[in-house]
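I'm opening my notebook on a new protein and jotting down what I look up as I go. Here is what I have on screen.

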Amino acid sequence: MTDDDGTAAVAAATSTLGYEQARDELIEVVRRLEAGGTTLEESLALWERGEELAKICRHWLEGARARLDAALARPQDGDEG
């Protein structure tokens, strides 16, 4: 991973982890952090994983938004007139 924002890593992770999987794992990470009872090192590892998962979710959502925007920009049948 040579880029500063982790784009390549996110793209690679996105190809193996679907949006719903990433979202569900992120929910579990947040639940564990909120519950407490973890060591500082465990909490940091959870936080880092949560950041990765949030980027994966954001990547999926941005892709979905781009697809919707493209579909809405195409002329529909009967729109020419």
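I started with burial: of the 81 residues of the protein chain, 15% count as buried. Buried here means under 20% relative accessible area, exposed means over 50%, and partly exposed is in between (1.4 Å probe, protein chains only). I noted that this is a predicted model, where local features need pLDDT of at least 70, side-chain atom pairs count only at pLDDT 80 or more, and totals for chains, interfaces and linings use all residues. Residues are numbered from 1 along each chain as its sequence is written, and side-chain values use heavy atoms, with hydrogens and water left out.

Next I looked up the surface. The accessible surface of the protein chain is about 6400 Å², and 55% of that belongs to carbon and sulfur atoms. The areas come from the Shrake-Rupley method with a 1.4 Å probe, and for residues only the protein chains shown count as cover.

**Helices**

I counted the secondary structure: three helices and zero strands. Helices (H or I, at least four residues) and strands (E, at least two) are DSSP runs, numbered from the N terminus. Helix 2 has 17 residues and spans 24 Å from its first C-alpha to its last, close to the 24 Å expected at 1.5 Å a residue. That expected span is 1.5 Å times one less than the number of residues.

How do helix 1 and helix 3 pack, and at what angle? Helix 1 (residues 7-16) and helix 3 pack at about 75°, and their axes are 9 Å apart. That makes helix 1 roughly perpendicular to helix 3, a label for angles of 65 to 115 degrees. Axes are lines fitted to C-alpha atoms, for helices over the stretch in contact, and angles run from 0 to 180 degrees between N-to-C directions. I also listed who meets whom: Val10, Ala13 and Thr14 in helix 1 touch Lys55, Ile56, His59 and Trp60 in helix 3. Contact means heavy atoms within 4.5 Å. Among contacts between residues at least 6 apart in sequence, 74% join residues at least 24 apart.

**Salt bridges**

I got a count of five salt bridges, each one a side-chain nitrogen of Lys or Arg within 4 Å of a carboxyl oxygen of Asp or Glu. Side chains of opposite charge can pair when their charged atoms come close.

Arg49 and Glu25 meet in one of them, at 2.8 Å from N to O. This pair links distant parts of the chain, with Arg49 in helix 3 (residues 40-73) and Glu25 in helix 2 (residues 19-35), 24 residues apart. Arg49 is partly exposed at 27%, and Glu25 is partly exposed at 30%. I then saw that Glu25, Arg49 and Glu52 are linked in a network of salt bridges.

Arg65 pairs with Asp69, the closest N and O atoms being 3.5 Å apart. They are four residues apart in helix 3, so about one helical turn separates Arg65 and Asp69. Asp24 forms a salt bridge with Arg23 at 3.1 Å.

**Last look: Trp47**

Is Trp47 buried or exposed? Trp47 is exposed, with a relative accessible area of 53%. I placed Trp47 in helix 3. Trp47 and Leu26 are 21 residues apart in sequence and 9.8 Å apart in space, C-alpha to C-alpha.

Definitions and conventions: Angles under 35 degrees count as roughly parallel, over 145 as roughly antiparallel, 65 to 115 as roughly perpendicular and the rest as oblique.
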